[in-house]
Amino acid sequence: MKKKVIVLGGNFAGLGAAQKIREYAKDEVDITVIDRKSYLLYVPNIPAEVLENRNPEYSLKMDIPTTLKKDKIDFIHAEVTKIDPKAQTVSIIPNERPGAEPHTIAYDYLVIALGAKLAYDKIEGFAEYGDTVSDFYHGNKLRKKLHDGTYKGGPIVVGSARFHQGDGAKGLEPYPGGQIPDAMAACEGPPVEISLGLADWLERHKMGDASKITITTPGEMIAEDAGDKVVPQLLDVAGKMGFKYVNNTKDIVKLTKDSIVFANGTELPAELKIVFPDWEAHDFLKGLEISDNQGFIITDLLMRNPKYKNIFAAGDCAAVTMPKLGAIGHQQCEIIGRQVALDLGKMDAEKANETLKPWVFCIGDIGSGKGFYIRSNSWFGGDTQVLKMGRIPYMLKMQYKTLFFETDGKVPVWGNDVAEIMAEKI
Ligand SMILES: Cc1cc2nc3c(=O)[nH]c(=O)nc-3n(C[C@H](O)[C@H](O)[C@H](O)COP(=O)(O)OP(=O)(O)OC[C@H]3O[C@@H](n4cnc5c(N)ncnc54)[C@H](O)[C@@H]3O)c2cc1C
């Protein structure tokens with residue numbers, strides 16, 4: 001009998017894991033992906049769409065069931081409500097129509113790729129006065145505010161709330177002598193990207209420039225995972241453009257009509273408050289044997305839970321994924337595919353047991369056809385830190401999206417190699 005693989009979550013990590021398992025384990029497995037929505041939300045290009053006055057809902061959606069069908073992978077449209085690692089079952093409630101009955105599904109292998117809960121509801125005043133770019137709804141709301149004249153040209157603050165990282169990746173050594181460090185913010189590429197893009201937008205719309213924007217971070221240094229050489233270079237560029245920068249805000253306490261209040265007591269005037277919240281684990285994952293003290297799924301560097309070896313995690317829900325970057329989730333999907341293939345005798349151990357060596361790989365749009373490109377592993381104990389800015393990173397960001405949609409999310413390995421050569425050698 002074929003082994004039954006259940007993948008929870010069908011966005012970047014869930015789609016990627018399911019496809020990689022099919023690629024390496026071939027027809028030895030039946031694979032089913034379960035998600036509460038039936039489309040992939042292509043998050044990284046929302047800021048670019050918002051600033052170009054395009055509703056991201058129209059351009060950044062990929063249909064998941066038909067994409068999976070091409071690899072003979074089933075899809076269930078349902079809310080996942082429970083995981084029972086001992087019984088090897090998950091509980092779901094089909095959610096196309098309210099009132100559906102719960103079901104329990106058994107698995108041989110489970111991949112948890114459920115992302116995280118973006119806790120905007122914990123920020124006082126966010127509903128009335130806050131903006132962000134992490135999904136279609138909020139992106140479109142900000143797009144309208146910018147382009148229909150609601151925003152009058154007042155001060156702008158961009159920053160993150162404090163992230164509460166769990167203890168699930170303690171002791172892991174991805175590079176010799178390295179670690180998965182603790183961070184005060186979950187993912188600070190997006191605040192950097194939207195700040196740079198907004199400065200360009202202000203100039204293009206004759207409403208000002210970077211001097212209107214204050215970039216904040218709860219930590220000592222913004223985007224510290226990019227590396228201690230790269231970040232000062234970025235801050236230097238931003239400073240020369242006129243941006244203001246406030247570090248050690250500790251957390252966002254509340255938003256008011258005209259300001260943003262931080263946990264360190266600072267209050268900054270702001271007409272526009274673009275914030276990124278705490279990335280929290282989903283409630284039903286908290287307190288499980290497979291979860292850390294914040295509810296993120298514990299794995300080793302082969303993405304397996306140390307106690308339940310048939311349970312894997314990938315993407316933002318995995319404790320080891322720091323920062324919460326899709327690019328790191330992508331690396332993990334490759335590992336999971338190989339590990340399942342190894343178990344089923346479809347791959348040899350030498351090839352399959354290559355452990356996670358995380359890379360921060362981040363390409364941001366900064367407006368007017370330019371972008372930034374960061375490739376770094378120094379935060380984890382590696383020796384590389386690269387920052388490039390200009391037209392090529394912009395082209396790579398846009399091309400990556402096109403390639404992602406054209407290949408059903410299976411961006412070929414040469415995609416990254418070409419990006420590296422173009423950004424770093426040309
Ligand atoms: C503005 C912005 C820009 C970004 N830019 C980049 C970038 O340039 N490069 C990069 O690498 N990363 C970037 N990121 C980070 C990237 O978007 C995330 O790391 C990535 O989306 C994580 O993928 P995931 O599949 O792990 O989780 P998610 O994308 O959060 O997907 C989780 C899936 O699980 C489903 N789900 C959750 N709970 C349940 C449940 N109970 N039942 C059923 N289904 C459920 C959800 O519907 C969703 O489809 C950016 C993030 C933001 C906010």
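Predicted model: local features only at pLDDT ≥ 70, side-chain atom pairs only at ≥ 80, totals over all residues.
Trainee: Does Lys 2 count as buried or exposed, and why?

Mentor: Good place to start! Lys 2 has 12 C-beta neighbours inside 10 Å, so Lys 2 counts as exposed.

Trainee: Where is Lys 2 found, and which residues does Lys 2 touch?

Mentor: Lys 2 is found in the segment before β1, the strand of residues 3-8. Leaving out residues up to four places away in sequence, Lys 2 touches Glu 28, Val 29 and Asp 30. As for Ile 31, this residue is 29 residues apart from Lys 2 along the chain, yet their C-alpha atoms are separated by 9.8 Å.

Trainee: How do I read confidence here, and which elements have the lowest and highest mean pLDDT?

Mentor: Take the whole chain, then its elements. The protein chain averages a pLDDT of 96, and 100% of the residues score at least 70. Among the elements, helix α12 (residues 413-425) has the lowest mean, 77, while strand β8 (residues 109-112) has the highest, 99.

Trainee: How many helices and strands are there in the protein chain?

Mentor: You can find 12 helices and 22 strands. The radius of gyration is 21 Å, close to the 22 Å that the globule rule gives for 426 residues, so the chain is as compact as a globular protein of that length. Its C-alpha atoms fill a box of roughly 65 × 55 × 40 Å along the principal axes. Of the 426 residues, 48% count as buried. Looking at contacts between residues at least 6 apart in sequence, 65% join residues at least 24 apart.

Trainee: Which residues does UniProt list for a domain?

Mentor: An unreviewed UniProt entry lists residues 3-148 as "domain: FAD/NAD(P)-binding". In the model, that span is 32% helix and 33% strand, and its end C-alpha atoms lie 54 Å apart.

Trainee: How should I read strand pairing?

Mentor: Strands of a sheet pair through backbone hydrogen bonds, either parallel or antiparallel. Both kinds can be seen around strand β5 (residues 74-84). Strand β2 (residues 29-35) runs parallel to β5, joined by 4 bridges, and Val 33 has Phe 75 in β5 as its bridge partner. Strand β6 (residues 89-94) runs antiparallel to β5, with 6 bridges; here Val 80 is partnered by Ile 92 in β6. The hairpin of β5 and β6 has 4 residues between the strands, and Gln 88 takes a positive phi near 55°.

Trainee: What joins β20 and β21, and how many residues lie between them?

Mentor: β20 pairs with strand β21 (residues 370-376) in the antiparallel sense over 7 bridges. Strand β20 (residues 360-367) has 8 of its 8 residues buried, so β20 is largely enclosed by the rest of the structure.

Trainee: What is the strand order in the open sheet of 3 strands?

Mentor: The order is β14-β15-β16, with antiparallel pairing. β14 (252-255) and β16 (267-269) stand at the edges with a single partner strand each, so one side of each is left without a neighbour in the sheet. The twist averages 20° from one strand to the next. Between β14 and β15 (residues 259-262) there are 3 bridges, and Ile 252 has Phe 262 in β15 as its bridge partner.

Technical notes: Residues numbered from 1 in each chain as written. Pairing = 2+ DSSP bridges. Helix = DSSP H or I, 4+ residues; strand = E, 2+ residues; numbered from the N terminus. Axes fitted to C-alpha atoms, helices over the stretch in contact; angles between N-to-C directions. pLDDT = per-residue confidence, 0-100. Rg over C-alpha atoms; globule rule 2.2 N^0.38 Å. Buried ≥ 20, exposed ≤ 12 C-beta atoms within 10 Å, placed from the backbone. Contact = placed C-beta atoms within 7 Å. UniProt positions renumbered as here; feature names shortened; annotations may be inferred.
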